[in-house]
Each structure stands twice: as structure tokens, then as C-alpha cells.
Amino acid sequence: MCGILGIASKTHDVFAEIYDGLLMLQHRGQDASGIVTYNGEFFREKKANGLVKDVFNAQDAETLLGRIGLGHVRYPTAGSLSAAEAQPFFVNAPYGIYLVHNGNITNTAEQREKVTAKYSRHLRTTSDSEILLNVLADKVADAIKVNGNAEPIRNIFAGVKMTMERVQGAYSVICLVAGVGMLAFRDPFGIRPLSVAKREVEGAGDDYAFASEDVAFGINGFKKLRDLKAGEAILIDLEGNMHTFQAVEGRLTPCIFEYVYLARPDSLLDGVSVYKTQMRMGQTLAHQIEEAGLEIDRIIPVPDSARPVALEVAKATGIPYREGLVKNRYVGRTFIMPGQEERQKSVRRKLNAVPLEFKDQNVLLIDDSIVRGNTIKKIVQMCREAGAKKVYVASASPPVKFPNVYGIDMPTKHELIANGKEIEEIRQELGADALFYQNLEDLIWAAKEGNPEIESFDCSCFDGDYITGSVSNDYLNSLENSSRASKKKEDMQMPGGSWNRAELASG
């Protein structure tokens, strides 16, 4: 769950445009930010933990000079929260390559061993992105041995092909290659989004940009050309020419959770409108609610991402829509609280109930998803304290039962409230009077309706079907053990226990 952006201009420095574009992608990661620029001779880099607006300042516009550059906003998946793990990452040979990556590599242990033992490379972090960069560098170096150094674009494309044949998992990638240009590629299943855009410059040709979501294009005057194909690589050379290469045969299978929660409603991913998908999710969810025959006085969304779904449910059922939960926009998404009393306050720092909307009312809360269940459980309690007679809960997505290993921070079964439980058991644990979940078939329909050419989606967190075919039980167990060990360490270091810093969606 990271955001990546690359811009290549023929006329001016790109730092300010990358900064603005990253602000549009900030929802994809709030833990760290990084930008690197290239002026044809030198790279200039800055990265640190924090939001884009906190990491960068006006002085950076004077130092991060260059007409081509990359940006990244990080939400941690594989690796730690150390600032050293912020992207972009760099290797100095061959050519000199900077890389930003959205996704998660699932055969990291095998690739780390090859990179460090066989190729004698030194890795500075535990990040899978650094491993991916070094694999790419190794393979480009192998191509140079065969083709010679005089054909850099051919060598780079050959290196991408060999990387895709070796690396497993999800990866959308943008690179800066010294003396060559800007490279982007997407894994053979197209799990994480990546698109390319163009901006016409009068008398100078065209500028190009790559981004996780097309919302990063408009603010800088770019027009989206298309999404990268699964298994495709595109290179913009230093003269501004576009080169395309189908590195391996691809089968587009985008992550369906992008449409549920990760992407902005105003984004268009692989031809599918996120907003319209969420509206269709509301239509199908409404059928279940009507069939239940409950007496519901009002529908209240859990802000912000559940609003399109809740509005459509209200429209379809005729039940009044109300904004009963007010969000404090000045409180961050993540917390590390030092004690039980502080942890209990955390939800109330973010949300506050409007008593008039709850007193003596039967309310239906609609959330985009229920992952760990901690937050929605506290919201149900908050509604009761505000005077609600009955509190019903509906999730716009199906039960999240399985680890996601393709770049979303919900990796282990023991953290998921729906894993191994029936809906009635979950309802009791949440303290709700009724609980509804979206049917997976309806969710797939809602997304596929936007682009019938997409044959299937990655739904692994709902159905346990890992489309890359490379996720073994040993790998899942290693994630589980790693997470438990990390949580135990936090508990030992933190007075009163640990607050789950990586709470996603509804927790």
C-alpha cells in the first residue's frame, strides 16, 4: 500500500510537480516520503519518515534539481519502520539505478540469498524493494555481458524480462537509470496499479509521467494515456522518446481491494472507476439489507471511504442517510499509545458521535471493510453510548479471512477477526445487533462491470486463492511467526502493552 510517481520533463525541473503529485497519493502511505531527481549528471535525493508536507520544504526546490525524478510515499509491508527503509533505493552499478516500488515480493528469502551469496551484493535494509532493485541490477549486468554496453535500452529491457522470470509476488516499479532515462514496469499479473500519462509541450515535444493512480496526473497537466499492461515495461529515454516492451506474457488480475479501500474514489484503475464500483457495491449490499426486514431509522457511514457505498444503500432502500460520525481531520491515522487509558481514547480522537442522530434510533453503520475489528467494535460502543437503541453493521466487502501478501499491511491470520469464525460469532464479538457482509460474487461483479475485459481479480484476502501460485504454507507461517514475534517485542518495550500501529481500514 504505497504510492509511486515518476515525471520526465523536457523543459523544467520536476521537484515541485513530484511534490504536488505525491500529495495526491498521500492516502497510499503516511509513514515515509522520498524524492530523487536527476539532471543528466548527478542524482539528488531526500527521504525521511513523515508526510510529504513535513519531509520537504521550499529549500528542497533549490537543491533537488533535475528534469526527471521519482517520488514515493510509504506504508510499510515487508521491512521495518526505520527511516533507512524509506524509498527510493539506489545501486551504483550497472549504470546507476534508483527504484521506487509498490507491492510485495513473496520469494524474498530465496532472492536475498542469491543476491548476497552468488552476486556478493550488500543489502542495507530488510526491505523487499531493495532486494528487487538488486535483482534487477544483477540481470541488467548479465544482459550487458551478452549484448555489450552500447545498447543500454536493450540491456535494461532484457534485465526486466529476467527479473520477472525470477521474482515472484506483486510489483509496480519506476526507476531512474543514469544516462538512459526513466523505466516503469508491472508484474505479470498486474496486481498493483500503474499508469502512464503525457503532457504536450509547445515547441519541445512531450513530457511523460507514471503513477500508481491517475489522480496524480491532472494537478500537473498530464493526460492519462493508459494503464501499463501486466508484464509490460516502458522506458522514457533522456530525449523524451517512449519505448515499450512486453517483457513476459501477462494476465491482468488486479487487486480487488484497491476498489474497496486503497484507491481514491476519483481514480480510474485498469479502466474501472473506483467511485462507480463503490456505488455498485452499495446496490448489491442494499439487497441483503432489504431482505433482512429490519427496522432501520437511518444509515450512517464510517468516514470517509464508506460514503459512496452508504449513499447508494440509502438510495436503494429509501432509508435516510445521515452523517452521524464526525472525523477529526487533524489526527493521524496511526498511533503508538503508552497505556490502556490512552489506547481507549484513540478512536474518540479520530471520531465523535452526533448524539441527535443516535438517541432512540435504530442505526445501520456502513464501513468499507472490517479487517481486525478493533475500531468498528469501539464505534459500535460509541453509538450505544450516544443513545442508539439498535446498532447494525454492514461491511461493503466480504469477510477478510486470509493474509494479503501482495502489498497490503494485513499479513497474518491471527490478526483477522473473520478468520475461522462464522458471521454470528463475529457479530457477537463486535457487539452489533446484526451484521452484513458483501458477497464476494457481488463484489467481483461491481468491479468487473467497469471493464468486462478483465477476466479475474486478485481476491486472496477474501478467498485464500493466491494467483501467483508461489505462496506456500511455509511462507505464510513465516509471516505469522514474524508478526507474533514483532508484537511480543512491542509488548515488552511498551508500558501497558502495544497499540497496533498498522491498523488498516476499519481495524
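Me: What percentage of the 507 residues of the protein count as buried?

Reply: A residue is called buried under 20% relative accessible area, exposed over 50%, and partly exposed in between, using a 1.4 Å probe and protein chains only. Here 57% of the 507 residues count as buried. This is a predicted model, where local features need pLDDT of at least 70, side-chain atom pairs count only at pLDDT 80 or more, and totals for chains, interfaces and linings use all residues. Residues are numbered from 1 along each chain as its sequence is written, and side-chain values use heavy atoms, with hydrogens and water left out.

Me: How many disulfides does a search of the whole structure find?

Reply: A disulfide is a covalent bond between the sulfur atoms of two cysteines. The test used is a pair of cysteine sulfur atoms within 2.5 Å. The search finds zero.

Me: How many helices and strands does the protein have?

Reply: Helices (H or I, at least four residues) and strands (E, at least two) are DSSP runs, numbered from the N terminus. The protein has 16 helices and 21 strands.

Me: What length does helix α12 reach from its first C-alpha to its last?

Reply: The expected span of a helix is 1.5 Å times one less than its number of residues. Helix α12, residues 374–385, has 12 residues and reaches 17 Å, close to the expected 16 Å. Its buried residues include Ile376, Ile379, Val380 and Cys383. After α12 comes Gly387, with a positive phi near 110°.
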